[in-house]
Amino acid sequence: IKTAPFDIRFPSTNQTKHCYTRYIEFHKCQKERGEGAPECQKYARYYRSLCPSEWIERWNEQRADGVFCGPY
């Protein structure tokens with residue numbers, strides 16, 4: 001499994017914010033470039049390697065229900 005490359009915005013070992021930011025970046029990219037845009041897939045790989053699957057499932061459910069706290 002490949003993981004996200006080093007990002008200076010997230011220097012600590014706690015990767016919670018990094019996970020959330022990559023999830024948001026993926027959905028922002030899809031909104032701007034369209035569903036399934038190939039250039040967005042790197043963000044999908046990043047958040048899937050950083051985030052626990054339970055978080056992803058919950059966030060996806062919240063987005064589907066229209067109650068997700070993020071901007072996208």
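A nonpolar core is a set of buried Ala, Val, Leu, Ile, Met, Phe, Trp, Tyr and Cys residues joined through side-chain atoms within 4.5 Å. Keep that in mind as you look at this predicted model, whose largest nonpolar core has 13 residues.

**The core**
- Residues with the most contacts inside the core are Tyr23, Phe26, Cys40, Tyr47, Cys51, Trp59 and Phe68.
- H1 gives the largest share of the core, with five residues.
- Take a look at Trp59: setting aside neighbours within four places in sequence, Trp59 is in contact with Cys19, Tyr20, Tyr23, Cys51 and Phe68.

**How H1 and H3 pack**
- Two packed helices are described by the angle between their axes and the distance between the axes.
- For H1 and H3, the angle is about 40 degrees and the axes are 12 Å apart.
- That angle makes H1 and H3 oblique to each other, and their crossing is right-handed.
- On the H1 side you'll find Thr16, Cys19, Tyr20, Tyr23 and His27, which meet Trp55, Ile56, Trp59, Asn60 and Arg63 of H3.
- Sorted by class, this contact has six nonpolar, three polar and one charged residues.

**A closer look at Thr21**
- Thr21 sits in helix H1, which covers residues 16–33.
- Thr21 counts as buried because its relative accessible area is 17%, and the cut-off for buried is under 20%.
- Beyond residues up to four places away in sequence, Thr21 touches Arg9 and Phe10.

Notes. Residues are numbered from 1 along each chain as its sequence is written. This is a predicted model: local features need pLDDT of at least 70, side-chain atom pairs count only at pLDDT 80 or more; totals for chains, interfaces and linings use all residues. Side-chain values use heavy atoms; hydrogens and water are left out. Helices (H or I, at least four residues) and strands (E, at least two) are DSSP runs, numbered from the N terminus. Buried means under 20% relative accessible area, exposed over 50%, partly exposed in between (1.4 Å probe, protein chains only). Contact means heavy atoms within 4.5 Å. Axes are lines fitted to C-alpha atoms, for helices over the stretch in contact, and angles run from 0 to 180 degrees between N-to-C directions. Angles under 35 degrees count as roughly parallel, over 145 as roughly antiparallel, 65 to 115 as roughly perpendicular and the rest as oblique. A crossing is left-handed if the near helix is turned anticlockwise from the far one by less than a right angle, and right-handed if clockwise. Ala, Val, Leu, Ile, Met, Phe, Trp, Tyr, Cys and Pro count as nonpolar, Asp, Glu, Lys and Arg as charged, and the others, Gly among them, as polar.
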